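Thanks for coming. I will show the model first and then walk through it part by part.

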Number of protein chains: 2
Amino acid sequence: MATVPASSDSRFGLARQVRLSGPLRLDSGAILTPVDIAYETYGTLNVDRSNAILLCHALTGDQYVASQHPLTGKPGWWWRMVGEGKPVDPSRHFIVCANVLGSCMGSSGPASVDPTRDEPYAMRFPVITIGDMVRAQALLLDHLGVDRLRAVIGGSMGGMQALTWPTIFPERVESTVVIASTARHSAQNIAFHEVGRQAIMADPRWRGGDYYADGDVPSAGLAVARMAAHITYLSEAGLTEKFGRRLQARPDSPGGQKTFGFDADFQVESYLRHQGLSFVERFDANSYLYITRAMDYYDIAEDHEGSLARAFAKTKARFCVVSFDTDWLYPTAESRVIVHALNASGAQASFVELASPFGHDAFLLEAPELNRVVDGFLRAGEQR
Amino acid sequence: MATVPASSDSRFGLARQVRLSGPLRLDSGAILTPVDIAYETYGTLNVDRSNAILLCHALTGDQYVASQHPLTGKPGWWWRMVGEGKPVDPSRHFIVCANVLGSCMGSSGPASVDPTRDEPYAMRFPVITIGDMVRAQALLLDHLGVDRLRAVIGGSMGGMQALTWPTIFPERVESTVVIASTARHSAQNIAFHEVGRQAIMADPRWRGGDYYADGDVPSAGLAVARMAAHITYLSEAGLTEKFGRRLQARPDSPGGQKTFGFDADFQVESYLRHQGLSFVERFDANSYLYITRAMDYYDIAEDHEGSLARAFAKTKARFCVVSFDTDWLYPTAESRVIVHALNASGAQASFVELASPFGHDAFLLEAPELNRVVDGFLRAGEQR
């Protein structure tokens, strides 16, 4: 879907960026100003401003949820969910998707210019949290004239933002969809992220984060970080089905053969190397550090005296929680924790575990059941 | 256990090393000569040479199975299994443990001197396989005058060697104990290893493997590789129990606090960093490349026209297969595959899945059930 209703209001449309003065007070205590937010909108805000849906992206996602990515040329990362006739539909909804704080696609992050120094923040950018990302999104909604969200929807880190929204702005959210996500980062989640961070910081080109001036970026470290993370996005069964122990085809051996060397003999090696190499062309290593840190700090209960249920005490939002049976990064048990807390808080919550061979990545892939669940949940709210 | 019966035969005892002329023909077709093997023996070979047990070590293990490690000062890696009154007992058994081919504790590997060049092989060392490791161990047993093994026992990669032994030398093995292991490396196993290899090779100090001359080793890359691998050795539940989201104690905050920076705030981060840093002091990065490659190439069925059962057709060995319920690196399903093949081949096989919170690492930790299983299996064979 590339067409957007013509609007004379320059706030609306594709590839928008806005500089807001804020100031945004962060969880760390630091103050961020200005706050740049890059975003896209699809569809039209209706007269009573009641049809807004905020979509939240994952760790390495961006605002291009349903339009072509400017760097990769690929379709939007959630084109299966967002578009005409799809659950999130620009003919019915006013859709907003913003690049998260700390990222590198136009919102304020380590690559942004620090106005006090007139050079990139790099590692002088303040450490941010999932809550900070949500507050920045709220600033954007203020700017767009959206007081209240019909829904906030996200998968993975997007689900963390979606779940956090009603805890910070209980009156601004009517419904929340949390997919393949969790209410807190586990020790294993933190451990994998720490491997990625150490891989980046071990790259001599990282130079304490000050690599912007000459553009000689720590791509080797970032590629390794991406490779390690990528394994956690896939299921063991999915990897076996997709690659197994199949060898790379070679000019002299179409079926492949072991080289008894260190080239990528196995298809899964070649695939992973490709994932690492292509990632570094579209993502900033410092942003990877900041966003993984925000995810590791994430624990909604921790911010509410240890009670997850208490976090939802003030909201009347409806919740839809979805997990995938082969997701071992944020397994179904993590979704159950959310649902139990929602039940304890008296919130209206539906929960479904979907079957998929694709592990954590399932929420981004062909998943008709997921579309049906989200569509049904949104329409139920719209009929009231 | 530090005492070994005095022997006038210098082949027997602690901290042995032998240079065998071989030549050893490798699976790659390359010929290795000489073949250095570093090993230890415990106990005494009885008169009819019938009490020999070969212990096989894991990826980063070594010959110091039950004696103090010369670099770390720690007790032998399997002191819980090997010693007076333990299942593998030097008062009853003649115990052999050799550093695997490709490793770095005295056996031939990339750090060894290439006699044709009079400098370390580095990446000119031939790529080896699990089968090659087994054949090198057989050369050592020839040297020690051991024709036949009462048992070959190993966990993880040690289990791969143990399982391979009767497939290559069906007459030389009476019984085999395979713990927390597999008959072939899966796509996910290969993927994790590939991340580690890429981390090492991305380190500019690696220099194509030629770092021995100045000793400026790729420790940053190797540490990242170790960190990534280490996560796979532990269970999610074990990590949660051991660390959860607990923060590092700090001088001004005994309970820890978030620093809103990139220090190791969480205990699990600090633990992982320590694992990486301590590992590089005892292990060679090139050896890590070679041994992970050997493991990835490992697929016993592949070497027997795709039939795992056929691999065991010629042996009369008894088998004991043990898995741990929380081991997600080589999960119980992989052990079942082995047992089904053994059953199909008519081999005598017992199988047990043990409960443990410790994941793959369980075989190295306090596991009284494991000791009982191994002890019972060995004694049953000795009573016949």
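**The core, the two chains and some local details**

The largest nonpolar core has 253 residues, and those with the most contacts inside it are A:Leu55, A:Val224, A:Ala228, B:Leu55, B:Val224 and B:Ala228. A nonpolar core here is a set of buried Ala, Val, Leu, Ile, Met, Phe, Trp, Tyr and Cys residues joined through C-beta atoms within 7 Å. A residue is buried if 20 or more other C-beta atoms lie within 10 Å of its own, exposed if 12 or fewer, and partly exposed in between, with C-beta atoms placed from the backbone. As background, nonpolar side chains tend to be buried together in soluble globular proteins.

Before going further, two points on how to read this. This is a predicted model, in which local features need pLDDT of at least 70 and side-chain atom pairs count only at pLDDT 80 or more, while totals for chains, interfaces and linings use all residues. Residues are numbered from 1 along each chain as its sequence is written, and chains are lettered from A and ligands numbered from 1 in the order in which they are written.

Which residues is A:Val224 in contact with, leaving aside its neighbours within four places in sequence? In chain A they are A:Ala199 and A:Gly276; in chain B they are B:Val195, B:Gln198, B:Ala199, B:Ala202 and B:Val224. Contact means that the C-beta atoms of two residues, placed from the backbone, lie within 7 Å.

That brings us to how the chains meet. Chain A can be laid on chain B by a turn of 180° and a shift of 0.0 Å along the axis, with an RMSD of 0.0 Å. The two copies are thus related as by a two-fold rotation axis. The superposition is by least squares on the C-alpha atoms of residues with pLDDT of at least 70 in both copies.

At the interface, 42 residues of chain A are in contact with 42 residues of chain B. On the chain A side, the elements that give two or more residues are α3 (187–202), α4 (219–233), α5 (236–242), α6 (267–280) and α7 (285–297). The most comes from α3(A), with 11 residues. Helices (H or I, at least four residues) and strands (E, at least two) are DSSP runs, numbered from the N terminus. By class, this side of chain A has 23 nonpolar, eight polar and 11 charged residues. Ala, Val, Leu, Ile, Met, Phe, Trp, Tyr, Cys and Pro count as nonpolar, Asp, Glu, Lys and Arg as charged, and the others, Gly among them, as polar. Since 100% of the interface residues of chain A are also interface residues in chain B, the copies meet through the same surface.

Now within one chain. The domain assignment, which is automatic or from a database, gives chain A domain 1 (16–185 + 299–382) and domain 2 (190–288). Their C-alpha centres lie 27 Å apart. Between them, 21 residues of domain 1 of chain A are in contact with 18 residues of domain 2 of chain A. The domain 1 side divides into 11 nonpolar, nine polar and one charged.

Next, one helix. Helix α9 (residues 332–345) of chain A has 14 residues and reaches 20 Å from its first C-alpha to its last, close to the 20 Å expected at 1.5 Å a residue. That expected span is 1.5 Å times one less than the number of residues. Which residues of α9(A) are buried? They are A:Thr332, A:Glu334, A:Ser335, A:Ile338, A:Ala341 and A:Leu342. These buried residues pack against α2 (157–168), β10 (175–179), α8 (308–311), β11 (318–324) and β12 (348–354) of chain A. After α9(A) comes A:Gly346, with a positive phi near 85°.

Last, some backbone details. The peptide bond from A:Thr33 to A:Pro34 is cis, with omega near -5°, and A:Pro34 is in the loop between β3 (31–32) and β4 (35–42) of chain A. In chain B, a cis peptide bond joins B:Thr33 and B:Pro34, with omega about -5°.

For A:Arg49, phi is near 55°; A:Arg49 lies in the loop between β4 and β5 (52–56) of chain A. A:Arg49 counts as partly exposed, with 14 C-beta neighbours inside 10 Å. For A:Asp118, phi is about 60°, and A:Asp118 lies in the loop between β7 (113–114) and β8 (119–120) of chain A. Is A:Asp118 buried or exposed? With 7 C-beta neighbours inside 10 Å, A:Asp118 counts as exposed.
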